[in-house]
Amino acid sequence: MKRYLHGIHVAGHKSTAQMSAVKLPLPDSVVIPMAMHIGAPAKPVVKVGDYVKTGQLIGEPGGFVSAPIYASVSGTVKKIGEMLGSNGRMMQTVEIESDGLDARWEGIQPPKLETMQDFLDAVRASGLVGLGGAGFPTVVKLTVKNLDQIKCVIINGAECEPYITSDTRAMIDYSFDVIAGCRLLQKFLKVPRIVFGIEDNKPECIERYRELVSHEQNMEVMSLKAMYPQGGEKVLIYHVTGEKVPEGKLPLDVGAVVLNCTTISSIARYCRTGLPLVKKCVTVDGSAVKNPMNVLVPIGMRMKDVFEATGGFKEEPKMVLYGGPMMGIAVPDLEQPILKNTNAILAFGEAEATPPEPTACIKCGKCIAHCPLSLMPCEMETAYKKGNIERLMHLKVNLCMECGCCSFICPAHRPLVQTNKLAKAQVMAYKNALKAKAEAEKAKLEAEKQKEAAK
Ligand code: SF4
Ligand code: SF4
């Protein structure tokens, strides 16, 4: 019998769950990064002074694993520059001064969809990336060698992170697009089974989808226990299919593809209208925010403009995050823009932003007991402190999905997830160094062989 993976129960704080997204007034300008996805950054195809319209291409994909970038407002290209992203890397940006008209580019038209390739081309052209998290280009996820590989597509409607409700709103407010997107998957990718995985703390959403799928073929709704991290890809796959994704393998290796609910509705919208991903529904919340709400904003709108347009802060924010409090990323400043995969921006005051002082590990084992992947965070912390990379690899630190359950549950407030991130980087650097050394030795041997042969 299928059982649940470990996890934790966290307070939901979903105060915006009943709030449909409010369209905010356009900002004076937007700053659009060319790297909002995993893979090669896009390359700008506009120059300073160009007039662009909403939906017009401003950055072409930089490779197969990449995505096009489109203007999210109409106006004049003011600057092509660089900014420090929240991931600590510099990224190229295109700044557009809005003319306030949001004039749509004339070239926008629905794509012609006759074949599977037409469909994949449309997904590529839409600029869609996984909207629930990492920003992996959607077309790459859907490009499979053999369609028989896909046994099940799981629509991720878990939204297990506290505070965030933008996906749930997309599920409810754009339900017909979500279903239309699923029909496209059935038609062009011959997907035999589609499952909506929704946490049981969203009864309105479950009810809506049970009604909708009752009119569809091979679609079903699975009510999942509300727990964190229910929306983690491997966790969701296990709870829906009973399959564990083996180490070093992809979801497709167990026949599964997971798509975020907003991603699937955006695919349908693009196929219906031809308008690429230029606007985003974002939850604005946190203890420092005056008026928590869901908003619809152009990609590239600066955080400071979003917060200001929602009424600003009720106390000085001490920590601002992209995403939720469990897996979110702290931003260096409020100049950071809304990205394609931004689902929430949260601002917290002093009390929430100040973590308790860590004390010594009491060897209670709670971090192990609550890790969904059955890892040993306390042991990994010890190995990291000793610089024992072999041990870190043995403990499989690379599998850590950085969900934060271990840190959350630790009574000694050890910064376990932060240590894991550092340890993963250390292991990666070690492996890269080994690889480089092996390649250098191989090249040396090759050169010696050629020298010998030339004698
Ligand atoms: S952050 Fe990593 S080690 Fe900690 S609970 Fe999550 S998967 Fe396990
Ligand atoms: S939960 Fe914290 S105190 Fe308990 S074993 Fe893990 S690191 Fe140590």
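**Ligand shell and sheet**

Mentor: The shell around ligand 1 is made up of 10 nonpolar residues, two polar ones and one charged one. Keep in mind that this is a predicted model. Of the 13 residues around the ligand, those that come nearest are Cys-371, Cys-400, Cys-403, Cys-406 and Asn-420. Three helices each give at least two residues to this shell: α11 (377–386), α13 (405–409) and α14 (416–454).

Now the sheet. It is open and has four strands, ordered β11-β10-β9-β12, with parallel pairing. The edge positions belong to β11 (219–224) and β12 (256–260); each has a single partner strand, so one side of each lacks a neighbour in the sheet. On average, neighbouring strands here are turned by 25° against each other, direction ignored. In general, strands of a sheet pair through backbone hydrogen bonds, in either a parallel or an antiparallel arrangement.

Take the pair β9 and β10 in detail. Strand β9 covers residues 152–157 and β10 covers residues 194–199, and five bridges join them in the parallel sense.

Helix α5 (residues 203–213) lies across β10 and β11, and runs at about 160° to β11. Helix α7 (residues 261–273) lies across β9 and β12, and its angle to β12 is about 80°.

Conventions. Residues are numbered from 1 along each chain as its sequence is written. Chains are lettered from A and ligands numbered from 1 in the order in which they are written. This is a predicted model: local features need pLDDT of at least 70, side-chain atom pairs count only at pLDDT 80 or more; totals for chains, interfaces and linings use all residues. Side-chain values use heavy atoms; hydrogens and water are left out. A residue is near a molecule or strand if one of its heavy atoms lies within 4 Å of it. Ala, Val, Leu, Ile, Met, Phe, Trp, Tyr, Cys and Pro count as nonpolar, Asp, Glu, Lys and Arg as charged, and the others, Gly among them, as polar. Two strands pair if DSSP finds at least two bridges between them. Axes are lines fitted to C-alpha atoms, for helices over the stretch in contact, and angles run from 0 to 180 degrees between N-to-C directions. Contact means heavy atoms within 4.5 Å.
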